[in-house]
Amino acid sequence: MQASRHPMPSHRTPGHPAPGQPTPGQPTSSHASSSHPIPSRPALLILGILFIAMALRAPFTGVPPLIGLIRAELNLSSAAAGMLITLPLLAFAVVSLFAAGLARRFGLERTLFAALLLIAGGIGTRVLGDAVGLYAGTAIVGAGIALGNVLLPSLLKRDFPQRLAGLTSAYVLTMGLAAGLASAIAIPLAELPMSNLQLGGWRFSTLSMLALPLLSLLLWLPQLANHTPPAATTAHAPHGGRLWRSPLAWQVTA
């Protein structure tokens, strides 16, 4: 008996696609493989990351060598001078709790830009005025550094997962070099002959650290077109209220 030449009818339920075809609204494999777009100019992004890393350390480590000069000019006690080192650390502890929430609301790139603005504004504030401006500016610098400390590693983890180890090493190395260089040149910069004595000495040395956040801001401007959340591990970090009740957080603190 000769086989029928007519194809067997398909018994698909109406409204269901054929096998192998995506259902309506289902993302294709090209979009499902990554939840975030690949940076269009990774070289510029990496350069911006490295400059931000330098801006997160130099304004902090450039101050301790100048403590003697600052005490002599502002008549500070040893305890009061020590607060210049303690204030940024306190800002790290407090502001870091809010970094992930700010990044979720405003975007990772814009929050990092705001962190650089805080660092730049804090540097300017602490050299223009008396001890009040010095302490206020130091706290502002610490707040900006705290945001960057939390969000910059998240940016690396999110945008460069395949190169995370190498870029993290470069990021940490750049940060360490900037920290050591700022500490090494702080006194030589303070000893330069200045025609304007109001901004001479330790004030000029501290103000010179403003170059790093300003350059970082310029390099980061192209990234402001993006409005993306941080990496999932940062985005889902516990909020401040839950963190205080976390046994793991207290164990790590201890």
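How many salt bridges does the count come to in this structure? The model is predicted, and the count comes to three.

**Stop 1: Arg203 and Glu73**

Select Arg203 and Glu73 and show their side chains. The two meet in a salt bridge, with 2.9 Å from N to O. Now colour helix H9, residues 202-208, which holds Arg203, and helix H4, residues 67-74, which holds Glu73.

**Stop 2: H2 against H10**

Next, select helix H2 (residues 42-55) together with H10. H10 covers residues 211-220. The axes of H2 and H10 come within 9 Å and cross at roughly 160 degrees. Angles over 145 degrees count as roughly antiparallel, and H2 and H10 are therefore roughly antiparallel to each other. H2 passes H10 in a left-handed crossing.

To see the contact, show these side chains:

- From H2: Leu44, Leu45, Leu47, Gly48, Ile49, Phe51, Ile52, Met54 and Ala55.
- From H10: Leu212, Pro213, Leu215, Ser216, Leu219 and Trp220.

**Stop 3: H6 against H10**

H6 passes H10 in a left-handed crossing.

Which residues of H6 meet H10? They are Glu109, Leu112, Phe113, Leu116, Leu117, Ile119, Ala120 and Ile123. On the H10 side, select Pro213, Ser216, Leu217 and Trp220. Pro213, Ser216 and Trp220 of H10 are also among the residues in contact with H2.

**Stop 4: H5 against H7**

Clear the selection and pick H5, residues 78-106, with helix H7, residues 131-159. Are these helices oblique or roughly parallel to each other? Their axes come within 6 Å and cross at roughly 40 degrees. Angles under 35 degrees count as roughly parallel; H5 and H7 are therefore oblique to each other. The crossing of H5 and H7 is right-handed.

**Stop 5**

Technical notes: Residues numbered from 1 in each chain as written. Predicted model: local features only at pLDDT ≥ 70, side-chain atom pairs only at ≥ 80, totals over all residues. Heavy atoms only, no water. Helix = DSSP H or I, 4+ residues; strand = E, 2+ residues; numbered from the N terminus. Axes fitted to C-alpha atoms, helices over the stretch in contact; angles between N-to-C directions. Left-handed = near helix turned anticlockwise from the far one by under 90°. Contact = heavy atoms within 4.5 Å. Parallel < 35°, antiparallel > 145°, perpendicular 65-115°, else oblique. Salt bridge = Lys/Arg side-chain N within 4 Å of Asp/Glu carboxyl O.
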